[in-house]
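Welcome, and thanks for opening your viewer. Please load the model below and keep the selection panel at hand; we will go stop by stop.

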Amino acid sequence: MNVGYPHNTMAKSNILHSDAIVLRSIDYSETSRIVTLYTREGGKMGVIARGARASKSRFGSTLEPMAHISAIIHCKPGRDLQTLSEASHVNTHDELRSSLLRMETGIRVIELVSSLMQSDQRNEQVFSLIAATLTALDKAPGRTSNLWPFFQLRLATLLGFGPAFDGDLVKGLTGEAAILDLRSGHITISAEPDGVSHQASRSVLRAFAVLARADLSDVVRMEMDAQTSSGVGAAVAAYLKYHVEESYPSRSARVFAQLSTPES
Amino acid sequence: MQFSSESVEALVDQFARLPGIGRKTARRLAAFILKLPKAEVAQMADALIAVKEKVISCTTCFNVTDHDPCPICASERRDHETVCVVEEPGDVMAIERTQGYSGIYHVLGGAISPLDGIGPEDLRIKELIARAANPAESDPIIGEVILAVNPSVEGDTTAYYISQLLAPFEVKVTRLARGIPIGSDLEFTDEATLTRALLARVSM
Ligand SMILES: [Zn+2]
């Protein structure tokens with residue numbers, strides 16, 4: 001395999017060994033694929049995987065969206081596309097692909113990352129969050145519906161716009177409804193002056209607060225009725241949309257909405 | 001190298017649009033056409049126009065054909081109780097080449113791809129369900145639907161969705177086995193493929 005590189009070539013290439021999550025994989029020419037990765041060591045990167053479309057390709061099934069792989073990438077500075085020379089599975093996420101509901105969460109996670117992360121900005125905590133969320137989605141026995149709001153709030157925090165509510169204040173909330181201020185993330189009884197209010201029930205905003213701060217292992221065990229769960233979904237989406245505006249992706253959500261209608 | 005004729009350069013541009021053809025190959029092809037007798041070039045041009053003028057899609061299976069219904073749907077020698085569901089017309093050709101399948105087909109026109117915004121309404125899924133739910137009087141009742149979609153995230157999504165829709169009907173729904181390509185080596189097979197192969201193992 002072509003891992004070494006002669007020293008005296010004109011454009012010097014560095015070899016990056018990194019764990020990565022596959023965000024997108026698009027066929028390119030008869031034989032290759034262009035893959036967008038979120039790498040632990042280098043952030044979001046576009047790579048070309050030559051020969052990946054052949055049935056006996058050395059890349060096998062490693063380049064499917066949501067796969068957690070170990071990659072060897074040849075990087076030339078200034079290029080948009082780097083070259084992927086090897087990839088092997090770190091976690092195959094088999095169960096994740098066993099139901100539409102799990103796939104929906106997984107796909108929305110990678111779609112959000114693709115949309116919010118800039119190229120080549122390394123952020124190891126973001127990488128760990130994606131990997132941990134996908135693993136939980138793959139392994140958790142039943143409750144996976146909390147993972148999507150959890151992921152969005154944690155990503156917001158890592159990117160510097162996490163909700164800044166006072167935890168004790170949320171615990172002490174009385175009355176049926178309260179207000180989430182979309183600008184600051186404060187959770188209060190009455191609207192803040194020059195704030196942007198999102199009104200919700202007390203149980204929704206308490207769940208919102210837990211998802212924003214609790215450990216992943218507690219999040220997957222957290223029980224929520226359908227009404228609270230959909231209220232939390234709406235509050236989190238409103239919060240994210242307020243902060244990232246047009247960058248909040250809607251494509252896959254629209255398709256999954258079409259997929260869930262027939263049973264009812 | 002550049003041809004000194006605008007017409008030849010225009011032809012090179014057209015060839016270069018074809019999949020797998022780079023500029024260099026496009027120039028070789030153009031040079032070849034330049035040497036051919038005019039009658040042969042006319043034959044070639046007619047064939048190109050004919051695919052656009054004569055080829056339609058079969059109103060039953062949505063495969064490409066010159067006649068509706070297509071020869072496969074019209075054939076009495078095919079098993080009309082088994083329908084193989086594929087993404088593209090090219091997949092029908094791939095399965096036909098095996099000479100190991102005698103049923104009929106249904107071409108979806110792609111796969112559900114949430115990241116590309118392609119949903120069930122963009123594909124021939126409704127038509128498939130209609131074939132299974134209310135077959136025309138002259139048609140036999142469908143006994144098995146084989147989902148021959150690609151083993152990708154899009155293929156998985158499509159397969160789960162279709163099997164959900166077919167669940168209320170008395171039809172067996174199967175999916176092509178996923179596993180190790182013939183002629184390859186276990187040692188170099190990735191873990192996900194190997195796991196699938198273990199799950200899909202067969203008795204001997
Ligand atoms: Zn037909």
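Which residues of H5(A) and H7(A) meet?

**Stop 1: H5 and H7 of chain A**

Select residues 202-213 of chain A for helix H5 and residues 226-244 of chain A for helix H7. From H5(A), show A:Ser203, A:Val204, A:Ala207, A:Phe208 and A:Leu211. Their partners in H7(A) are A:Thr228, A:Gly231, A:Val232, A:Ala235 and A:Val236. Colour this contact by residue class and you will find seven nonpolar and three polar residues, with no charged ones. The two axes are 9 Å apart, and the packing angle is about 65 degrees. Turn the view to look through the pair: the crossing of H5(A) and H7(A) is right-handed.

**Stop 2: H1 and H3 of chain A**

Next, select residues 100-116 of chain A, helix H1, together with residues 147-158 of chain A, helix H3. Here the axes come within 10 Å and cross at roughly 15 degrees. Angles under 35 degrees count as roughly parallel, and H1(A) and H3(A) are therefore roughly parallel to each other. Their crossing is right-handed.

H1(A) brings A:Thr105, A:Arg108, A:Val109, A:Leu112 and A:Leu116 to the contact, while H3(A) brings A:Leu147, A:Trp148, A:Phe151, A:Gln152 and A:Leu155. By class, that makes seven nonpolar, two polar and one charged residues.

**Stop 3: H2 joins H3**

On the H2(A) side, pick A:Gln125, A:Val126, A:Leu129, A:Thr133, A:Ala136 and A:Leu137. On the H3(A) side, pick A:Leu147, A:Phe151, A:Arg154, A:Leu155 and A:Leu158. The contact of H2(A) with H3(A) has eight nonpolar, two polar and one charged residues.

**Stop 4: the domains**

Zoom out and colour by domain. In chain A, domain 1 covers 14-91 and domain 2 covers 140-254; their C-alpha centres lie 34 Å apart. Chain B is divided into domain 1 at 6-54 and domain 2 at 76-175, with C-alpha centres 36 Å apart.

**Stop 5: where the chains touch**

Show both chains and select the contact: 28 residues come from chain B and 30 residues from chain A. On the chain B side, the elements giving two or more residues are helix H7 (153-166) and helix H8 (191-199) of chain B. H7(B) has the largest share, with seven residues. By class, this side of chain B has 13 nonpolar, 11 polar and four charged residues.

**Last stop: confidence**

Finally, colour by pLDDT. Chain A averages 89, and 94% of its residues score at least 70. Select residues 1-10 of chain A: there the pLDDT is below 50, and the stretch has eight contacts in the model beyond near neighbours in sequence. Where pLDDT is low, the predicted coordinates should not be read in detail. Chain B averages a pLDDT of 92, with 98% of its residues scoring at least 70. The model as a whole scores ipTM 0.85 and pTM 0.87.

Conventions. Residues numbered from 1 in each chain as written. Chains lettered and ligands numbered in written order. Predicted model: local features only at pLDDT ≥ 70, side-chain atom pairs only at ≥ 80, totals over all residues. pLDDT = per-residue confidence, 0-100. Contact = placed C-beta atoms within 7 Å. Domains from an automatic or database assignment. Helix = DSSP H or I, 4+ residues; strand = E, 2+ residues; numbered from the N terminus. Nonpolar A, V, L, I, M, F, W, Y, C, P; charged D, E, K, R; others polar. Axes fitted to C-alpha atoms, helices over the stretch in contact; angles between N-to-C directions. Parallel < 35°, antiparallel > 145°, perpendicular 65-115°, else oblique. Left-handed = near helix turned anticlockwise from the far one by under 90°.
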